[in-house]
Amino acid sequence: MKPTQKLHDSGQSLWLDNITRELLNSGTLKRYIDTLSVTGLTSNPTIFDHAISKSAAYDQDIRALTKSGLPREDLFFKLAIADLQGAADLFRPIHERTAGVDGWVSLEVSPLLAYDIERTVAAAKSLHAEAARPNLFIKIPGTKEGLSAIDETTFSGVSVNITLLFSREHYLASVDAYMRGLERRIAAGLSPDVRSVASLFVSRWDKATMDKLPAEFRDRLGIAVAKSTYAAYRDLLASDRWQRLENAGARAQRLLFASTGTKDPTAPDTLYISALAAPNTVNTMPEETLLAFADHGELEGVLPQDGADAADTLAAISKAGVDLAKLGADLQAAGAKSFVESWNDLLKAIDTKSRALVA
């Protein structure tokens, strides 16, 4: 049995953190579904920037859409939605077989809207309607400013992938916003069956502290944060507040481990996959990490519900001089900034390619 199958059988969903037109058209994504137990995928501006700028697969569509006079941002979403519709259709049997638990794809709203709640909600509803796929998540950052948009988007009935979470505290704030949206739906006589995942970024903790911690703590911080968040997640699912929502028809939001490609060249390339196997969660991984785990990955057992040694590890790292609250806030702010930079790079790449193709 392949390691990916073993991981899937442990109760965790394997999602691919990538989407390109070649991946779809070549049959590679279908092969990953059939042979590597992949049951969903995620995308972001950086992924699309690389896919569009480094490939000729989009040229024909870019030329036609440019000639139609479509603005660059709208042009991008046309390209992205076409890709994600194709991927969503491949995952649709999984989505139906699991009664909507699995088989999802994700599309992010423009990061330029991060501080505009009304426009974020409007964009989420518009993109979801245009894609017209039941297994499409709209990604909204779980920043302080994004929490109201998550509440309102959930209330509107659009499924949300809450992204850019870096800590247990970020997770708890985001799931509170999600549950407020569900509670408002119940109060309005609407179904609370609006799905969601909460995406916790893992490896960036270790990248940020790689040269600042004693060797004994190298590559342990991200996993400890993930374990601590997992314990909070399991506690939340057992809480009276969630049980009331579940009794009214809500389905559990799942914790998703993101940024699980190894950044340390001296560490195993499957580090964050082996260490974070956990039932009823998702691990979305870069393509090279997925292939590496399929080839030589090993499970270290599943995470205990209480987070195991996470609290002790975090306390020791804090004692070693890392301000975890500040670092978590800094990582989230840097992540939001990098998404804006990637978005601008993406639009510039489309603009450059559009001009060249039309000329």
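At what angle do the axes of helix α11 and helix α15 cross, and within what distance do they come?

**View 1. The crossing of helices α11 and α15 in the predicted model.** The axes of helix α11, residues 221-237, and helix α15, residues 310-319, come within 8 Å and cross at roughly 135°. The crossing of α11 and α15 is left-handed. On the α11 side the contact is made by Leu221, Ala224, Val225, Lys227 and Ser228, and on the α15 side by Ala310, Thr313, Leu314 and Ile317. Sorted by class, the residues in the contact of α11 with α15 are six nonpolar, two polar and one charged.

**View 2. The packing of helix α6 on helix α16.** Helix α6, residues 72-97, and helix α16, residues 324-358, pack with their axes 10 Å apart and at an angle of about 95°. Since angles from 65 to 115 degrees count as roughly perpendicular, that term applies to α6 and α16. From α6, the residues Arg72, Glu73, Leu75, Phe76 and Phe77 meet Trp343, Leu346, Leu347, Ile350, Asp351 and Ser354 of α16. By class, the contact of α6 with α16 comprises seven nonpolar, one polar and three charged residues.

**View 3. The open sheet of eight strands.** The strands follow one another in the order β2-β1-β8-β7-β6-β5-β4-β3, and their pairing is parallel. At the edges stand β2, residues 38-41, and β3, residues 105-108; each has a single partner strand, so one side of each is left without a neighbour in the sheet. On average, and with direction ignored, neighbouring strands of this sheet are turned by 30° against each other.

**View 4. Strands β5 and β6, with helices packed on the sheet.** Strand β5, residues 160-165, pairs in the parallel sense with strand β6, residues 196-201, over four bridges. One of the residues to look for is valine 160, whose bridge partner in β6 is serine 196. Helix α8, residues 146-155, packs on the sheet and touches β4 and β5, and its direction makes about 155° with that of β4. Helix α9, residues 168-187, also packs on the sheet, where it touches β5, β6 and β7, and its direction makes about 155° with that of β5.

**View 5. Strand β7 between β6 and β8.** Strand β7 is mostly covered, five of its five residues being buried. Arg254, Leu256 and Ala258 point one way from β7, whereas Leu255 and Phe257 point the other way, and all are buried. The pairing of β6 with β7 is parallel and runs over five bridges; within it, leucine 200 has phenylalanine 257 of β7 as its bridge partner. The pairing of β7 with strand β8, residues 281-285, is likewise parallel and is made over three bridges, and here leucine 256 stands opposite valine 282 in β8.

**View 6. Strand β4 and its pairing with β3.** Six of the six residues of β4 are buried, so this strand is largely enclosed by the rest of the structure. Both faces are covered, with Leu136, Ile138 and Ile140 buried on one side and Phe137, Lys139 and Pro141 buried on the other. Strands β3 and β4 run parallel and are joined by four bridges, and the bridge partner of leucine 107 in β4 is isoleucine 138.

**View 7. Threonine 284, a residue of strand β8.** Threonine 284 has a relative accessible area of 2% and is therefore buried, the limit for that term being under 20%. With its neighbours within four places in sequence left aside, threonine 284 is in contact with Trp15, Leu16, Asp17, Thr42, Leu256, Phe257, Ala258 and Thr260.

**View 8. Arginine 244, a residue of helix α12.** Helix α12 spans residues 240-247 and holds arginine 244, which counts as exposed because its relative accessibility is 55% and the limit for that term is over 50%. Arginine 244 and aspartate 211 are 33 residues apart in sequence, and in space they are 46 Å apart, C-alpha to C-alpha.

Definitions and conventions: Residues are numbered from 1 along each chain as its sequence is written. This is a predicted model: local features need pLDDT of at least 70, side-chain atom pairs count only at pLDDT 80 or more; totals for chains, interfaces and linings use all residues. Side-chain values use heavy atoms; hydrogens and water are left out. Two strands pair if DSSP finds at least two bridges between them. Helices (H or I, at least four residues) and strands (E, at least two) are DSSP runs, numbered from the N terminus. Axes are lines fitted to C-alpha atoms, for helices over the stretch in contact, and angles run from 0 to 180 degrees between N-to-C directions. Contact means heavy atoms within 4.5 Å. A crossing is left-handed if the near helix is turned anticlockwise from the far one by less than a right angle, and right-handed if clockwise. Ala, Val, Leu, Ile, Met, Phe, Trp, Tyr, Cys and Pro count as nonpolar, Asp, Glu, Lys and Arg as charged, and the others, Gly among them, as polar. Buried means under 20% relative accessible area, exposed over 50%, partly exposed in between (1.4 Å probe, protein chains only). Angles under 35 degrees count as roughly parallel, over 145 as roughly antiparallel, 65 to 115 as roughly perpendicular and the rest as oblique.
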